[in-house]
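Let's take a walk through this structure together. Please have the sequence and the 3D view open as you read.

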Amino acid sequence: MRSPRVPSLVLLAALSLGGCATTPRAEAPPAPPPPPPAPTQAAAETPAVPATVPARPLRTPEPARLVVQANPASPLVSFRLVFHTGSVDDPRGKEGLTALAATVLAEGGTQKLTSAQVLETLFPMAAEFNASTDKEFTVFAGRVHKDFLPPFLELFTDVLLHPRWSPQEFERLRTRALSDLRNGLRAEDDETLGKVALDALLFEGHPYAHFVGGTEKGLESLTLEDVKAHAARVFTQDRLVIGLAGGVDEALQKDVVARLSALPATGAPRVELPPVSTQGGRAVVVQKPTLSTGVSLGYVTPLRRGDPDFFPVSFALSYLGEHRQLGGVLFNELREKRGLNYGDYAYAEHFIQDSGTTYNRTNVARTQQDISVWIRPVVPVNGMFATRGAVYFLDRMVRQGIPAEQFRLSRDFLLGYTRLWEQTDQRRLGYAIDSLFYGTPDYLEQYRAALAKMTPESVHAAVKRQLRPEALNFAFVTEDAEGLAKQLREPSPSTITYASPKAPALLEEDKAVGALPLPVRPDAVRIVPARAFMEK
Amino acid sequence: MRHRFIPLLLLLMGVALPVAAAEPAAASFFPYPMQVDRLPNGLTVIRVPFNSPGLIAYQTVVRVGSRNEVEPGRTGFAHFFEHMMFKGTKNHPEGEREKVIATYGFDDNAFTTDDITVYYSYGPTAGLGKLVEIEADRFRHLEYSEPSFQTEALAVLGEYHKNAASPGLKVAEEVARTAFTKHPYGHTTLGYYDDIKAMPKAYDYSRTFFERWYTPDNVLLVIVGDFDDAALMASVREHYGPWDRQSGSVTVPTEPSQTQERSVHVDWPQSTQPRLVYAWHTPAAKLDTANAAIQEVLGSYLVGPTSPLYKSLVLDKQQAQELTPDASLHRDPSLFSVEALLSDEASLAPVRAAFNAAVKELVTGKVDAARVESIKSNTRYGLLMGMETAKDVALQVSWYAGIYGAPDALGRHLQKVSEVKPSDLVTFARRHLTAANRTVLTLTPAPAGGQK
């Protein structure tokens with residue numbers, strides 16, 4: 001079942017502050033990076049870094065590995081089938097195939113039940129069942145009250161084992177995927193558009209580059225036969241981890257494992273991801289009619305969970321701007337003090353908000369990670385200033401570290417806040433399954449243990465090793481793309497005017513922010529019309 | 001810290017009945033023990049022990065929303081004011097509260113609706129004592145400067161901008177603006193764009209707004225999770241007890257009856273799926289009537305995933321991509337609506353005809369009783385599925401208690417849902433789902449032109 005893509009009237013009433021080729025494809029090695037832009041002060045202190053981020057494979061659990069988090073007292077049962085299969089498995093020219101295959105399985109009915117009958121079966125149970133795809137992983141998640149366990153289990157497994165492959169359902173869901181791209185992504189959600197544009201920029205020529213939901217040409221080319229063949233090759237036992245939580249007993253475990261043993265044992269070989277350039281200084285400006293300018297910035301990093309510097313860097317970026325929390329440096333400096341926009345956040349690994357929470361989705365693990373900063377839309381006249389502000393405060397943290405009092409507060413915050421990340425069965429399963437791939441058992445416990453041992457000095461040392469403002473790349477969504485591109489190519493100081501008096505110290509700091517050279521190369525600024533974004 | 005929760009299984013077993021089972025007693029619709037006290041100053045304090053070791057959810061519900069924005073030019077003010085509640089007091093100047101929140105790691109924020117404003121903190125029980133202190137302090141002694149007020153107005157403008165790319169905001173604005181001529185439900189919670197841009201000039205009004213609505217008799221505290229009740233209440237009495245303001249009153253205009261169908265069309269300047277909305281004026285949510293419960297069932301009955309309309313329009317003919325009901329609770333008479341996200345403009349006429357036919361069938365008395373039972377089961381199990389965490393429970397309690405103004409409103413509302421009969425849908429539809437009482441919105445992408 002799918003959440004409505006379009007906000008309903010009731011949702012709008014509540015306002016908060018708040019590929020891959022099925023065979024490995026040979027990728028041309030990235031072109032050697034051009035000379036880097038003028039480094040910021042921080043860059044001068046950072047050690048030399050490799051020109052590319054290699055594709056160091058994630059760990060591979062044994063086929064159909066079972067992860068159980070039983071709580072016999074719970075009347076609810078959670079299922080989480082995680083396949084190491086994602087949009088990287090989309091064949092060239094058929095971008096969107098994996099996500100569409102997952103959707104057709106989840107929503108297209110089974111051999112016994114039409115899609116309408118599936119809905120009729122699930123509805124009185126209020127059972128939850130959905131599929132989600134990211135770059136390397138696809139999750140089929142289900143949740144049901146134990147009163148309905150037998151019929152739900154049959155349906156949940158039939159979806160994968162005995163899909164209906166209805167041509168009508170295929171066409172309906174392919175049409176919807178095209179609409180999600182043409183309308184949802186390109187026109188109706190500037191924030192997501194900016195983030196996807198940054199992904200495309202950072203991973204140009206790489207299987208991560210295209211929108212998980214597909215490209216226009218890719219989706220147009222897909223057939224039901226493509227989907228059937230693809231599903232058989234990528235939703236296989238050797239790619240699967242089975243998660244069960246809540247009211248789970250031995251019998252249920254055996255039943256689920258026995259049923260899923262009917263999946264193909266193996267299928268397509270794993271995609272070999274190419275190394276990714278670490279070059280910075282590129283910018284893409286997506287042009288579309290819009291009231292404001294959205295900004296995303298980031299770069300590809302070899303740093304990922306399990307690396308010694310991951311926890312301290314993750315901590316530092318939480319200090320800079322934990323997703324949708326009010327205490328971060330960026331939030332306070334750009335929104336609270338300057339009123340620039342609705343929020344500003346920073347991330348040590350790829351972040352996708354888990355629906356209904358402010359926490360990162362689980363099972364969006366990636367072999368090659370990105371560090372990013374998200375500036376929510378600002379009025380166009382302040383676009384450059386806000387961008388410079390984000391880089392300024394990132395750079396300041398890299399140069400100066402975190403003051404002792406703020407260090408203590410941020411550490412205390414995460415020691416408590418991380419406990420909220422594991423409050424549901426689905427999220428606990430998600431973390432446990434991610435840990436298999438990253439090789440990080442008890443990830444959140446390990447994070448809290450690491451937090452307890454961190455010092456401002458140890459964090460600063462890791463930050464200086466890993467955070468590189470000069471490596472940033474930029475994605476903008478704005479109406480006057482030519483004007484913004486001109487400002488990027490021919491930079492001049494940014495000024496800002498306020499509707500209310502500001503402290504002299506802030507105005508003085510604004511001069512430094514406005515004069516900050518952005519690490520953007522004039523020859524690496526591109527304009528892309530939104531209507532052509534992810535065309536092919 | 002004493003753990004005074006009741007095992008989840010025992011609590012849920014009370015309502016873990018199969019669909020065909022007999023109706024349970026009303027009290028079991030909310031399956032947790034609830035304690036309620038009302039302080040002499042009128043503050044209502046609702047506590048629900050819940051199995052969340054070491055964690056609590058703390059919510060403050062203020063019964064104020066865009067419904068209360070009766071003065072011209074003040075649309076969106078309740079939401080804007082929600083932002084100001086994070087700006088500090090004499091005891092805890094701006095930024096100090098965030099330090100307390102950070103010390104414990106609370107997930108801390110707020111939201112505003114047409115009728116209520118909810119402030120929430122979710123995190124360690126260890127911080128509960130301090131939380132009571134700082135929350136009471138800001139609700140009693142909020143202070144902020146005019147420059148701070150003016151700066152925050154820009155953040156709110158940014159919030160409007162981030163939502164403006166979606167046609168959904170425009171649809172909500174135009175349906176409200178067309179359906180209401182007097183009542184403040186005629187604007188969305190965000191407010192009119194021009195009013196938002198003018199907010200920096202409303203500093204003095206903001207003080208009036210605070211004094212008028214942020215009063216103990218207009219507020220409910222909802223605390224769910226792992227806590228010592230006696231210690232909590234002692235702290236609440238100490239810190240909230242001296243709060244002695246009385247809520248003000250304004251006359252919320254009554255919306256006159258609609259006597260003729262209204263329509264509005266939006267030419268959307270970008271590529272999008274066309275939309276069709278039918279919205280009817282319907283009665284307020286009151287615990288002495290079944291109107292809200294009937295609307296909740298009716299929304300699913302007409303366009304839910306098991307409705308004939310969904311099967312026909314979305315699955316078979318594929319003339320719509322989504323069908324969405326809106327039967328949300330409101331303190332005053334509001335709207336019941338159904339919305340279709342259309343496949344293309346050519347689908348507009350047949351979907352409209354299908355909407356009309358579905359309503360006509362209902363008013364002629366033809367009701368599928370089995371589907372009504374299925375919807376009631378969905379509502380009941382949906383509540384259980386939706387109460388996995390202390391925050392989930394607190395949010396449910398806050399929402400219903402805030403709208404209805406009664407601490408036990410959630411259970412009582414669900415009891416009413418369980419009592420909805422097929423004939424209730426017919427009676428309701430005959431009375432309210434009439435053409436004269438209807439507002440119709442169409443939206444089409446401008447390049448293709450629009451149908452009026």
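This is a predicted model: local features need pLDDT of at least 70, side-chain atom pairs count only at pLDDT 80 or more; totals for chains, interfaces and linings use all residues.

Residues are numbered from 1 along each chain as its sequence is written, chains are lettered from A and ligands numbered from 1 in the order in which they are written, and side-chain values use heavy atoms, with hydrogens and water left out.

Let's begin with chain A as a whole. Chain A has 19 helices and 14 strands; helices (H or I, at least four residues) and strands (E, at least two) are DSSP runs, numbered from the N terminus. Its C-alpha trace spans about 70 × 50 × 50 Å along the principal axes. A compact globule of 536 residues would have a radius of gyration near 24 Å, and the 23 Å of chain A agrees with that. The radius is taken over C-alpha atoms, and the globule rule is 2.2 Å times the number of residues to the power 0.38. Of the 536 residues of chain A, 64% count as buried. Buried means under 20% relative accessible area, exposed over 50%, and partly exposed in between, with a 1.4 Å probe and protein chains only.

Now look for the sheet in chain A. Here 6 strands form an open sheet in the order 11-12-10-13-9-14, with mixed pairing. Two strands pair if DSSP finds at least two bridges between them. At the edges are strand 11 (344-347) and strand 14 (525-529) of chain A, each of which pairs on one side only. Neighbouring strands of this sheet are turned by 15 degrees against each other on average, direction ignored. Inside the sheet, strand 10 (residues 293-301) and strand 13 (residues 473-478) of chain A run antiparallel and are joined by 5 bridges. To find this pairing in your view, look for A:Ser296, which stands opposite A:Ala475 in strand 13 of chain A.

Two helices of chain A come next. Helix 18 (residues 481-489) of chain A lies across strand 9 (283-287), strand 10, strand 13 and strand 14 of chain A, and runs at about 170 degrees to strand 14 of chain A. Such axes are lines fitted to C-alpha atoms, for helices over the stretch in contact, and angles run from 0 to 180 degrees between N-to-C directions. Contact means heavy atoms within 4.5 Å. Helix 12 (residues 329-336) of chain A is mostly covered, with 7 of its 8 residues buried. Among these buried residues are A:Leu330 and A:Phe331, and also A:Glu333 and A:Arg335.

One loop residue of chain A deserves a stop. A:Trp165 lies in the loop between helix 5 (149-161) and helix 6 (167-185) of chain A. Its phi is near 50 degrees, a positive value in a residue other than glycine. Most residues other than glycine have a negative phi. A:Trp165 counts as buried because its relative accessibility is 18%.

Let's move to chain B and its hairpin. Strand 1 (residues 35-38) and strand 2 (residues 44-49) of chain B pair in the antiparallel sense over 4 bridges. B:Gln35 has B:Arg47 in strand 2 of chain B as its bridge partner. The two strands form a hairpin with 5 residues between them, and B:Gly42 in the turn has a positive phi of about 100 degrees.

Chain B also has a helix pair to look at. The axes of helix 2 (residues 77-84) and helix 8 (residues 203-213) of chain B come within 11 Å and cross at roughly 90 degrees. The two helices are therefore roughly perpendicular to each other.

Last comes a residue that meets both chains. B:Val314 is in helix 11 (residues 308-316) of chain B. With a relative accessible area of 1%, B:Val314 is buried. Not counting residues up to four places away in sequence, B:Val314 touches several residues, including A:Arg172 and B:Leu323. The C-alpha atoms of B:Val314 and B:Ser343 are separated by 9.0 Å, although these residues are 29 residues apart along the chain.

Conventions. Angles under 35 degrees count as roughly parallel, over 145 as roughly antiparallel, 65 to 115 as roughly perpendicular and the rest as oblique.
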